[in-house]
Every structure is written in C-alpha cells, then in structure tokens.
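Hello,

Here is the structure I promised to pass on. My notes on the interface and the cavities follow it.

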Amino acid sequence: MEATAPVITKADTMLRIDGVHKWLGDNHVLKGVDIEVRTGEIVCILGPSGSGKSTLLRCINHLDPVDGGTIEIAGERVGYETRSGHLYEQRERQVAKARQQIGMVFQHFNLFGHMTALENVTYGPAKILGRPRKQVLATARELLAKVGMADRAEAYPSQLSGGQQQRVAIARALAMEPRLMMFDEPTSALDPELVGEVLATMRQVAEEGMTMVVVTHEIGFAREVADRVVFMDQGRVLEDGPAREVLDDPRHERTATFLRRVR
Amino acid sequence: MMTEVHSAGQSQPAALGVGSHYVRRAGDEPAMQEAPLRARHRLGYGQILALIAALVAFGIFVRSQAGNPNMDWNVTGEYLFHPLILNGVAVTIQLAVLAMLISIVLAFGVAVAIQSTNKVASALGRAYVWFFRGVPMLVQVLLWYNLAVLFPTILGRDTNTLISGFTAGLFALSLAESGYMAEIIRGGILSVPAGQTDAGVSLGLTRGQALRRIVLPQSIRVIIPPTGNQFIGMLKATSLVSVIGGSDLLTRAQLIYGQNFKILPLLVVAVLWYLVLVTIASIGQYFLEKRFNNSQPGSRQARKGAGTPGTTTTAIRSMTGGALWKRQRR
C-alpha cells in the first residue's frame, strides 16, 4: 500500500493517553490510564477480562466519551476541542472525520451483513472519502488479495467463516488508510483452528509499519510481534515495557500470576 | 495421509472398552442401511371425534340458516358484483394501500427521531406514538372528519369541501397506523446488533448516517412480516370509514341495504369481499416473507444454498435508492 498518511511533523508520538478516567454507571472502569504509543510502534494490551482494555479502545476513537484525562492522536484531541478556554465535545461530523484515521477491528468482526466482502471494503473509501470508483475497486481487490480473501470477494459475511470475516474486517479498516489500527480481541471469538490465519494477517500489517494497538490474550503473538506490552488490571496500568521483558520477566506480581495462568 | 489399507467390510468395534483407542482407517464403513424405518401411526380417535363434532355443528348451522327468509342468498348473488359494490371494493383497496404507504413513510421518520440522540426529536417522536397509537382509530376518523368545527377554513378554502369522507378517513388511518408502524420499525432497528453501528461509526460515519445507511437496510427483514400483518389489519380497518360515509365497501353495502332493507344479504356480500381481499393479502405476505427470509444473507436458508444470495440486497437497494455507487455524497 502506498504511504498516503500525512507526514507527522511535531513529535513521533501517534497516540497519547493521559490520566484517562471512565465510569460506566457506578463502575469506575478506567482509573487514570497513561499510555503512549509512538509512530510505527506495536503495543499489545494484556489483562484479565473486566480490566478496562476494550473500554480504553472505545474511548480512543470516542465511541465512548471519557470522564477525565486526555486522549490525543498525532497531537490532536479526539472528540473534544477547547474554545475560548472552555472544553467542548466536538460535533458528530468532526468526530467522524477524526475517526477516519483510526482503524478498528472488533472481536465480533461486525462486517456489514447486507454487503459482500468487496462492498464492505469499498464502502469507506467510496462513500465516506468519496474516492472515484475505479481506484477504490482496484485498492479493495488488492487489500482482499493481501488478506487472502480475493476469491471470496462476492461472498456475504454469513457465508464466511469467522476467520475469513475477521480478515475482511481488517481489509475494511485498512482501506481507509488509517494512521493507527486498533484490534479489540480480534481472535477471541474464533475457533482455535482459525486463530492462526487472523494472527498471520495482523503480523503482515505490522510488518508494513502500521502503528498498532492490540488488545489480545494471544501471548505468543505479543511476544513475536509487539514492541511493547502493557498489562492492565482493574482499570489501571500495572506494567508497561518492552514485550519480551514484560512477558518473560514480569516485575509486577499481578502480571506474573496472570501470565502463569494464561500459559 | 492414511497409507494402511484395511480390508473392506471390517467395521469399528461395536463398543469401545475402557482405555481402547479407535482410529478410523480408509475402508472402514458403517453398515449399510437396509430398509428405511417405517413406524405406523396409531389411529387418532380424538381427531376423528373432533371432525365429526365439527361437521355436525356446521350442518346444524347451515340447515337452520339455509331456509331463513331473512337470509336471501339470491340477493347476495345479485349484489356480489354490483357496480356500486365493486367500486366500493376499489375504494377500500385504495384506502388501505395509500394509508399503509403514508403510514410507513411517517413511521420511518418517527422511528428515526425516537432513536436519535437529539433529545427533543426523541421526545416528540415518543409523544407522537403515544397519541396516535393511544386514540382509537374510530375516534380519529371522527376527529378528522369534524375538523371543520375547529378550523372552518384551511388556506382560505372551506374545510368541509377540502376534506371529504375519503380524505378524512385516509388521514385518520394513516396517522393511527403510523403510530404502530413506528414501533415496528423501531423494533427492526433495535434488532440489528449494536456492533453494526460501532463499525459504521469507526469507519467515519456519523451516528445518523450509520443508522440510515447501515442499520435500516438490515432491519427491513425484521420489519416486513409484521408490516404484512398490519396491512391485513388495515384492509379491515378501512371499514371504520363507513361512519363518515367514506364510500368504501361497507359504506356501499350499507347504502344499498338502507334502501332495500336486505341487511344480512348485503353484509354477507361485504364479508365475502373482505375475506377475498384478506386472502389475497395473506398470499402476498407469504411470498414477500419467503423472498425476504430465504434470500437474506444471514438467514438459515441462505447458508444452506450458499450459491445465490443477494436478491434481498437487490430488493433493499431498490428501496434505499439504487446501487452503492449512485449515492455518492459530497
């Protein structure tokens, strides 16, 4: 894929999460989370269920608003703006525009059920970015080929296996040429036999230099592909460091117990 | 690959003992089925008794009414295809179809308003449903017909000439129905998993766009069957218009028996025509449902014959305004 993402001028920080708090009802889900992701970096977030990992991803692209702290993509706040000293939530259209540069891959794929695989991939660039049809079709077919789904381009999601659906979903997100890709437990809903093909596709995306934030339980993937691993528990970051260090020599006791149980 | 070839006919042991380990080899085939199992049904005495009872009851009723002087079958036959009645049937069909179409259009707007994040729109939508679903259709028919009392003129014209029995009935039926349809469409919207909206929004749609372009097309399948039911209800509800002389089927029947006093024979004419209309509508509904269910990608049937889905998608497309490429915006 050609590198059309604009050159980042200021810093090489792609994502900065600073003291983020989030309440869901009475539940304090995120209790002051700080994470920084540099451009091109691949960060895996591990942690037990209910530790707030998925909520954090939803906050990053403002699917859920935060209750405290700031989240910035390439130096710009997502979902909020300051005007004459006051903080405002941005208008829908502005948020939508900001989200275009953040690709999201879901646990349950969420492919559009009334569209073929190809239409799922072309929808964003054609209908949202308004690119010309010919160009969109060509890139979409390229992307489908890349995720190994070229021969199923005309299939509907219901005719595809979970692994195939997830690969199409990755292609759909890539088609928007995002600066940052987020994966929310992309293999958790898959049959064990199908996990490998999705991880292979993600590995491929990683090799092309995409900045990635991956919430996963796949320790093997984290060890092989991630630059850094963040361990979260009960809404807090307990450990954050180079992947192998955190995985092989965890310094926090909770991380160690978790890794021992998962292995 | 299995290289070891087993002599044919040797089959797996009937039961595996504890600790044994069966591995299927090429040539292991289960015993052929010799004859299909045929179990005989026991005679259902209950069914036979019920049938006899029903036949006897029906026979008694027919016998008692066939010779009833008030039940003049010749008159029924005479008026069944009377031009006045046929015209009434046409008006009833028009009324039902138009009211249904108008109510669906209104209901889409109301359902989207209720689901929107705009709190005022949502409250207004709920109020709309509350009122138009809450007031009986018959009362609404009378209300619209007597609008002239409140507004003697509309846009400088006499209200009573502007709003005939037909138009008053059409307004009333459409509005009352739209209250129900809005809830049906809202149910359809809610039946589409929230993940679809999440995915659309993550791609860069606004919530409203995701609702209209991603969720609504997928909710059609859920909306169609109850809409068929509502239409059948609507065919019958048109008879309410007779209270304001809406020139529909029942009005015409009443008009005729008002002159010749053959009340029951003419009501039977109405009964027969309503049954014909409802039967046709039911058959239509059956095919519509079949088309929308079977071909919809995602349904059980579609999985079976994985070959050609998409007819629904085409149907949806023609409903949502053409092919993917046509609606390019901005």
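**Interface between chains A and B**

One salt bridge is found across the interface of chain A and chain B. It pairs Arg58(A) with Asp198(B), and the closest N and O atoms lie 2.8 Å apart. Please keep in mind that this is a predicted model.

Across the interface of chain A and chain B, eight residue pairs are in polar contact, with both residues at pLDDT 80 or more.

Which elements of chain A each supply at least two residues of the side that touches chain B? They are α2 (92–99), β8 (102–105), α3 (117–128) and α4 (133–146). The most comes from α3(A), which gives seven residues. Sorted by class, the side of chain A that touches chain B has 15 nonpolar, ten polar and ten charged residues.

Now the totals. On chain A, 35 residues are in contact with 30 residues of chain B. The area buried between the two chains is about 3100 Å². Carbon and sulfur atoms give 56% of that area.

**Cavities**

I had the whole structure searched. Four cavities of 30 Å³ or more turned up.

The largest cavity has a volume of about 100 Å³. Twelve residues line it. Closest to its centre are Pro125(A), Arg131(A), Val136(A), Thr139(A) and Ala175(A). The largest share is that of α4(A), with five residues. By class, the lining of the largest cavity has seven nonpolar, three polar and two charged residues.

Which residues line it? From chain A come Ile102(A), Gly103(A), Met104(A), Phe106(A), Ala169(A), Arg172(A), Ala173(A) and Met176(A). From chain B come Ala199(B), Ser202(B) and Leu203(B). Both chains therefore take part in this lining, as a lining residue has an atom within 4 Å of a cavity point.

In terms of elements, β8 and α5 (162–174) of chain A each supply at least two residues of the lining of the second largest cavity. So does α9 (194–203) of chain B. Eight residues of this lining are nonpolar, two are polar and one is charged.

Best wishes

Note on methods
Residues are numbered from 1 along each chain as its sequence is written. Chains are lettered from A and ligands numbered from 1 in the order in which they are written. This is a predicted model: local features need pLDDT of at least 70, side-chain atom pairs count only at pLDDT 80 or more; totals for chains, interfaces and linings use all residues. Side-chain values use heavy atoms; hydrogens and water are left out. Contact means heavy atoms within 4.5 Å. Buried area is the accessible area (1.4 Å probe) that two parts lose on being put together, summed over both. A salt bridge is a side-chain nitrogen of Lys or Arg within 4 Å of a carboxyl oxygen of Asp or Glu. A polar contact is a pair of N or O atoms within 3.5 Å; within protein, one must be able to donate a hydrogen and the other to accept it, and residues adjacent in sequence count only if both atoms are side-chain atoms. Helices (H or I, at least four residues) and strands (E, at least two) are DSSP runs, numbered from the N terminus. Ala, Val, Leu, Ile, Met, Phe, Trp, Tyr, Cys and Pro count as nonpolar, Asp, Glu, Lys and Arg as charged, and the others, Gly among them, as polar. On a 1 Å grid over the protein atoms alone, a cavity is a set of points where a 1.4 Å probe fits but cannot get out, and a pocket is an open set with protein on both sides within 12 Å along at least five of seven lines; lining residues have an atom within 4 Å of a point. Grid points are joined across faces, edges and corners, and a volume is the space filled by probe spheres set on the points.
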